[in-house]
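Thanks for asking me to look this one over with you. Keep the picture open while you read, and find each residue as it comes up.

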Amino acid sequence: MTSTNHGFATRAIHAGQEADPTTGAVVTPIYATSTYLQDGVGQMRNGYEYSRTKNPTRLALEECVAALEGGRHGFAFASGMAAEDTLLRAVCKPGDHVVIPDDAYGGSFRLFDKVTSRWGLTYTPAAVSDVESIRNAINENTKIVWIETPTNPLLNIADIAAISEVAHNAGALLLVDNTFASSYLQQPLSSGADAVVHSTTKYMGGHSDVVGGCLVVNDDALADELAFYSNSVGAVAGPFDAWLTLRGAKTLAVRMERHCDNAERICEWLNSRDEVSTVLYPGLESHPGHEIAAKQMRRFGGMVSFRMRDGEQAALKVCENTSVFTLGESLGGVESLIEHPGRMTHASAAGSPLEVPSDLVRVSVGIEDVDDLIADLAQAFS
Ligand SMILES: *Cc1c(COP(=O)(O)O)cnc(C)c1O
């Protein structure tokens, strides 16, 4: 048994993952079953009735992610978007209002703008690095203040504790999308957040081989609402996906240390290059959010963005000329990825206030040998 007294890496490997009670299997089995034997009418074993409601492999992942966030209740979903949708509809009703980041993850923005809006939920974008901007966006119907930190792709930092105070004073909940930092680097519930969401597709799974999402909360009544909504709608993680995610989560601590080591070295190298006008990384003292990041994060993560002095063509050239960095979207896997946000992940923001600079390159720094990564960037620059 693990407890909240155990360190992060111990919880990642053991929380929710006691040896299987039937066989002693050390690794949680993939319980590929939809239904369960009842010992008499309505007499379930350990509460297992039907796998949309509860499945042992999913439960192991749910207990693990809750332990990693230092929270009481975890829920695992088929994707990060399914987790977000579940939270919104479990907490809000038509007519309610949500404050969202003005540089929100594109899929989240689409959910607010095109899906929950049709159902009567309104939203106001605000700059998460500016507490006043959040305060001004709140109105009397605001149910949730929704933030990401660091943000994508500009790596802006939100002050979780300060924003939680503003949200709570207005009677709203604070949700933090913790995908970019990972649970290892940042645990928002301890800074006052009410709910944490992850795309476990990214660092939690960590191997770019599974799509998933999770929610973690402390409040029992909120957890009951989420359990009710999750069971009613059923966008839950399947047992194989839950197992793969759990397998990835076991190594989250060691992977994140290496992601951070490599990202720091790459920032140093980028800063030494004349072709680069700005390096965006919260670990740099020059970053406007550095002090807040240092207060609420263990280290500064594996995501780095930079701007090329010679503009868009130079940025595109770097993206297309790497060979160890793979040109592709997504992030958080063991392999390094490179992309051009303006034409790829953030193309849909073109012409809007959320448009990103065209000279911007984003890298998800993997855990390969950092000298190979730097040599790869160097040849792509030349
Ligand atoms: C990828 C991502 C999501 C969406 O998660 P999916 O697993 O792709 O559904 C949400 N938020 C952030 C910050 C992400 O990077």
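The points below go through the ligand site, the strands, the aromatic pairs and a few backbone details of this predicted model.

1. **Who surrounds the ligand.** Start with the shell of residues around the ligand. Its members are Ser79, Gly80, Met81, Glu84, Tyr105, Asp177, Thr179, Ser199, Thr201, Lys202, Val211 and Gly212. Sorted by class, the shell holds 3 nonpolar, 6 polar and 3 charged residues. Which helix gives the most to this shell? Look at helix H3, residues 80–91, which supplies 3 residues.

2. Now zoom in on the oxygen atoms of the ligand. One lies 2.7 Å from an N or O atom in the side chain of threonine 201. For lysine 202, a polar side-chain atom is 2.7 Å from a ligand oxygen. Glycine 212 takes part through its backbone: a polar atom there is 3.4 Å from an oxygen of the ligand. How much of the ligand does the protein bury? On its own the ligand would expose 380 Å², and 92% of that is buried by the protein.

3. **Strand E6 and its partners.** Next, please trace strand E6, residues 142–148. Since 6 of its 7 residues are buried, E6 is largely enclosed by the rest of the structure. Strand E4 (residues 97–101) pairs with E6 in the parallel sense, over 3 bridges. Here histidine 97 stands opposite threonine 142 in E6. E6 is also joined to E7 by 5 bridges, and these two strands run parallel. In that pairing, isoleucine 147 faces valine 176 in E7. As a reminder, strands of a sheet pair through backbone hydrogen bonds, either parallel or antiparallel.

4. A sheet of 5 strands is open, with mixed pairing and the order E10-E11-E14-E13-E12. Its edge strands are E10 (276–280) and E12 (326–327), each of which pairs on one side only. E10 is antiparallel to strand E11 (residues 303–308), and 4 bridges join them. To find your place, look for valine 279, which stands opposite phenylalanine 306 in E11.

5. The whole structure contains 8 aromatic pairs. Take phenylalanine 8 and tyrosine 184: their ring centres are 5.1 Å apart and their planes meet at 70°, so this pair is edge-to-face. Phenylalanine 8 belongs to helix H1 (residues 8–14), while tyrosine 184 sits in the loop between strand E7 (173–177) and strand E8 (195–199), so the pair ties together parts 176 residues apart in sequence. Are these two residues buried or exposed? Both phenylalanine 8 and tyrosine 184 are buried.

6. Phenylalanine 112 lies in helix H4 (residues 106–116) and tyrosine 123 in strand E5 (residues 122–126), 11 residues apart. Phenylalanine 112 has 1% relative accessibility, so it counts as buried. Tyrosine 123 counts as partly exposed because its relative accessibility is 23%. Ring pairs link Phe109, Phe112, Tyr123 and Trp146 into a cluster.

7. **Two cis peptide bonds.** The peptide bond from threonine 149 to proline 150 is cis, with omega near -5°. Proline 153 is in the loop between E6 and H6 too.

8. **Two serines with positive phi.** Serine 182 is not a glycine, yet its phi is positive, at about 80°. Serine 182 lies in the loop between E7 and E8, and it counts as buried because its relative accessibility is 2%. Serine 330 has a positive phi as well, near 75°. That serine is in the loop between E12 and strand E13 (337–339). With a relative accessible area of 31%, serine 330 is partly exposed.

Definitions and conventions. Residues are numbered from 1 along each chain as its sequence is written. Side-chain values use heavy atoms; hydrogens and water are left out. A residue is near a molecule or strand if one of its heavy atoms lies within 4 Å of it. A polar contact is a pair of N or O atoms within 3.5 Å; within protein, one must be able to donate a hydrogen and the other to accept it, and residues adjacent in sequence count only if both atoms are side-chain atoms. Accessible areas come from the Shrake-Rupley method with a 1.4 Å probe; for residues, only the protein chains shown count as cover. Ala, Val, Leu, Ile, Met, Phe, Trp, Tyr, Cys and Pro count as nonpolar, Asp, Glu, Lys and Arg as charged, and the others, Gly among them, as polar. Two strands pair if DSSP finds at least two bridges between them. Rings of Phe, Tyr and Trp (its six-membered ring) pair if their centres lie within 6.5 Å; planes under 30 degrees apart count as stacked, over 60 as edge-to-face and the rest as tilted. Buried means under 20% relative accessible area, exposed over 50%, partly exposed in between (1.4 Å probe, protein chains only).
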